[in-house]
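Morning, everyone. Please have a look at the model on the screen, and then I will walk you through it.

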Amino acid sequence: MGMLIQTLINGVLRSGLYAITSLGLALCVGVLGLINFSHGELLMLGSFLGYFMFTGAGIDPLLTLPIAAVLLFALNALIYKAFISRTLDAPEMNRMLLTFGLSVIIQNLALILFRGDPRAITPVYRSITVSLGPISIGLGRIITYAVALIMVLAVYAILAKTRFGKAMRAVSQNREGAAMVGVNVDSIYMLAFGLAGALAGMAGVMLSAILYAHPFLGMEFTLKALSTVVLAGLGNVTGVLLASVLLGTAEAIVGTYVPSGSAIADAVFFILILLVLIFKPEGLSRR
Amino acid sequence: MSNNLQRSSAQRRSGAYVWALIALSLFILVVPRFLDEYRLHVLIMVLVYGALAISWDILGRTGQLSLAHAGLFGLGAYSSAVLTTKLGVPQLLSIVLAGVVCAIVAAGLGAITLRLRATYFSIATLAFAEVVKTLALRMERVTGGPIGISVPMLFGGSRIAAVYMAGVILMLVVLTSIYIERGRHHFAFSAIRTKGDLASVFGVDVVKNKIGAFMVSAGLAGMVGGFYIGYISYTVPHEAFDLGISVSALVMSIFGGLGSTVGPLVGAVILKMIEEYLRVTVKYGYMIAYGAILVAVILFMPYGLVGVARKWLSSRLGASQNGSED
Amino acid sequence: MAFLEARGITKRFGGLVAVRDLSFQVEEGEVFGIIGPNGAGKTTMFNMVSGIERCDEGALWFSGADITNLPPFRRCHLGIGRTFQLMQPFQGMTVLENVMVGILYGTGRHVSVGEARLTAEEILEFTGLADRAGHPVGDLTTADLKRLEISRALGSSPKLLLLDEVVGGLTPSEVADAIKLIRDIVDRGVTVLMIEHVMGAVRDLCDRVLVMHHGEELAVGIYTEVASNPEVIEAYLGEEDTDE
């Protein structure tokens with residue numbers, strides 16, 4: 001019984017990781033209708049930012065969060081202006097391949113600049129474990145989950161309450177319609193894409209705190225982020241939390257209870273994505 | 001009037017193909033004798049990637065862009081290795097059987113995923129490739145896990161013989177591709193690619209055609225994988241399922257021009273040679289060139305080199321044709 | 001049994017009922033018109049007959065066979081062909097190649113590429129597009145695109161041809177040409193269903209007419225009966241006031 005609870009808690013906490021890393025992608029898919037393969041690379045850049053701020057200036061990752069948000073917002077906005085905006089009317093495949101190409105560029109740029117060794121940092125909470133009776137929980141994971149909750153709530157608030165958010169929702173539902181009522185679609189796209197970058201950057205900083213920074217980090221998480229977004233239902237931003245909980249707990253359960261499960265726990269995500277795509281392509285969102 | 005023009009241009013294209021094939025065969029037969037070991041290796045890699053790019057393109061002609069090609073290549077390599085080392089199958093036969101295995105797997109995967117929208121299909125194939133890689137890493141008893149499998153080197157390590165074998169496989173791929181391009185399948189694939197659901201209204205069994213294309217594409221990739229492991233004499237999951245293989249096949253085809261035999265082949269030759277040059281000079285991160293090329297092609301020449309050539313040709317021909325039409 | 005028979009077919013899209021409990025019979029060799037205000041469900045009905053949309057309820061019978069659950073390509077092999085109101089040629093192919101698709105795959109028997117090319121050329125002669133054979137479809141005018149739709153549909157040698165507004169948007173002389181072409185097709189023994197807004201064409205060509213409104217049958221009969229039916233007139237007049 002204790003093991004089950006521990007497993008479930010591990011799963012839920014791990015889901016915090018998946019939630020923060022997929023939130024930006026969900027926003028991008030929802031508003032721009034674009035499966036952004038370079039999302040993972042912004043994650044990766046965020047993780048290096050977290051690493052360098054800590055090792056270079058002694059700044060705790062939690063304090064780096066706002067810096068990452070600003071810098072990576074700007075980067076993604078730039079990427080939008082320079083590349084994505086040119087393909088708005090191109091077929092979906094072309095737009096996806098464009099982001100794929102960008103991800104290859106960024107990833108290899110990182111390889112050239114940072115080489116291939118994983119860099120880990122050791123903020124205080126990384127190695128602290130909290131015990132509640134027989135259950136032990138890593139403090140780093142708890143903090144990550146808290147950050148995830150805050151991010152999801154923030155995005156929800158932006159979408160629901162602000163004018164910007166309303167414009168984003170309008171554009172995601174009906175691009176021409178929104179344009180007709182005076183929304184500057186191109187600006188909204190740029191801001192939304194930038195926001196997605198900010199979210200990815202912040203997630204990356206948290207990754208550096210509890211995992212490591214590495215040029216291939218993006219690739220590792222892109223598929224998992226994609227799984228989460230697909231499970232939530234493409235375009236369903238708020239469903240990301242639930243979807244990540246489901247995926248995190250599934251992964252934890254497989255890891256604990258299926259023999260040699262930890263080995264195939266990675267494959268769990270991918271098999272899940274296949275199953276969702278086949279049987280319930282709209283995921284968790286209401287259809 | 002225009003029908004005669006059309007028929008003779010079709011005939012002219014047939015003629016051109018035959019000459020090109022002859023030239024290609026002669027090139028592969030003769031040139032290796034003059035190359036050193038390193039250049040022979042580069043030639044083999046060019047042939048291998050040419051085969052991979054064209055085989056990838058075959059499925060691409062139905063509008064489905066797969067990100068599983070590395071998965072199928074690796075599956076072919078491992079199948080061939082397992083057949084040879086664990087089941088005692090003669091190596092050359094195991095290469096062919098590796099192709100069969102991949103075709104069967106593609107049939108299953110395709111039956112499940114080809115009904116999905118194009119973008120979802122691509123994601124599903126990416127997921128598939130990751131699953132296969134994970135299985136190869138974990139099923140240690142069969143695949144040797146992270147350490148991989150070794151097989152005896154083909155032809156006792158003779159590189160020239162390997163070149164000929166690679167050449168044979170490339171020829172097989174080229175001929176298959178041309179057969180599809182020139183035959184009735186071209187029409188079904190093109191109709192499916194441009195207007196998927198509509199093609200069915202005109203009698204095309206869309207699912208069957210897509211699965212068929214996937215099986216051919218996968219079978220050929222599997223054979224290339226089987227050859228490759230025989231050439232290198234070992235394989236590890238990290239290399240066999242390297243995403244870079246899928247990326248290369250994709251970029252080469254798009255760069256050269258999707259939907260033709262010539263496009264992916266030319267794209268493969270040019271890009272592979274650039275890559276080899278970069279690999280020696282830059283070492284880390286030369287894949288960046290691929291990313292840049294993919295981005296540039298999508299933004300500026302979405303129909304690839306073939307598209308550019310066609311536009312140039314038709315602007316020359318258009319000038320001379322204005323007299324005879326209307 | 002009739003050549004084509006719909007029995008209580010229904011199609012829903014979410015909460016919207018596009019076609020409701022529709023039944024009709026078409027005899028072999030007839031020219032059967034489908035008219036009605038916009039949004040009446042006419043194209044949806046065509047989609048159901050050709051197989052692009054599954055019937056939520058009801059059954060479809062063609063040439064004595066139950067085709068309700070057959071996929072579109074099988075219905076094509078049985079002899080159903082159609083054009084599309086929003087012209088959708090296969091892009092990146094020439095006019096001739098567009099027609100060849102239906103010939104190569106639509107007849108249910110094996111046809112070689114060479115044979116298909118010859119047959120396509122014949123069809124283009126018949127529909128008056130022969131001089132455009134080698135052109136990419138992107139070059140065509142609206143009138144030519146409508147001819148292409150018809151040419152493409154003829155490729156599979158259909159016994160039942162569904163024409164979706166092939167006469168609309170044409171100049172008077174083009175309309176006359178279109179009517180003549182449809183007559184030629186009918187003379188070859190093809191049964192035709194045509195959705196039309198151009199009443200002149202309906203009056204000239206159709207043996208009987210079905211009026212659809214809100215997805216249901218409003219009236220069916222010969223043109224003069226139907227055109228003077230007060231409910232039909234009401235439905236059309238009502239269309240002018242409401243936003244459809």
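I will take the chains in turn, then the contacts between them, then one residue.

A word on conventions. This is a predicted model, so local features need pLDDT of at least 70 and side-chain atom pairs count only at pLDDT 80 or more, while totals for chains, interfaces and linings use all residues. Residues are numbered from 1 along each chain as its sequence is written, chains are lettered from A and ligands numbered from 1 in the order written, and side-chain values use heavy atoms, leaving out hydrogens and water.

Chain A first. It has eleven helices and two strands; these are DSSP runs, H or I of at least four residues for helices and E of at least two for strands, numbered from the N terminus. The order from the N terminus is α-α-α-α-β-β-α-α-α-α-α-α-α. Its radius of gyration is 19 Å, close to the 19 Å from the globule rule for 287 residues, so chain A is as compact as a globular protein of that length. That radius is taken over C-alpha atoms, and the rule is 2.2 Å times the number of residues to the power 0.38. Of those 287 residues, 56% are buried, meaning under 20% relative accessible area with a 1.4 Å probe, protein chains only. Cys28(A) is one buried residue, at 1%.

Now chain C. Here we have nine helices and ten strands. The radius of gyration is 18 Å, close to the rule's 18 Å for 244 residues, so chain C too is as compact as a globular protein of its length. The C-alpha trace spans about 50 × 40 × 35 Å along its principal axes. Buried residues make up 55% of the chain.

How do the chains meet? Two pairs of chains touch, and the pair with the most contacts is A and B; contact means heavy atoms within 4.5 Å. No contact joins chains A and C, and their closest C-alpha atoms lie 9 Å apart.

What about disulfides? The whole structure has zero, taking a disulfide as a pair of cysteine sulfur atoms within 2.5 Å. Cys102(B) is buried, at 0% relative accessible area.

Last, one residue. Thr191(C) sits in strand E8, residues 191–195. Is Thr191(C) buried or exposed? Buried, with 0% relative accessibility. Beyond its neighbours within four places in sequence, Thr191(C) contacts residues including Phe3(C), Val26(C), Gly29(C), Lys159(C) and Leu161(C).

That is my tour; over to you.

Terms used:
Buried means under 20% relative accessible area, exposed over 50%, partly exposed in between (1.4 Å probe, protein chains only).
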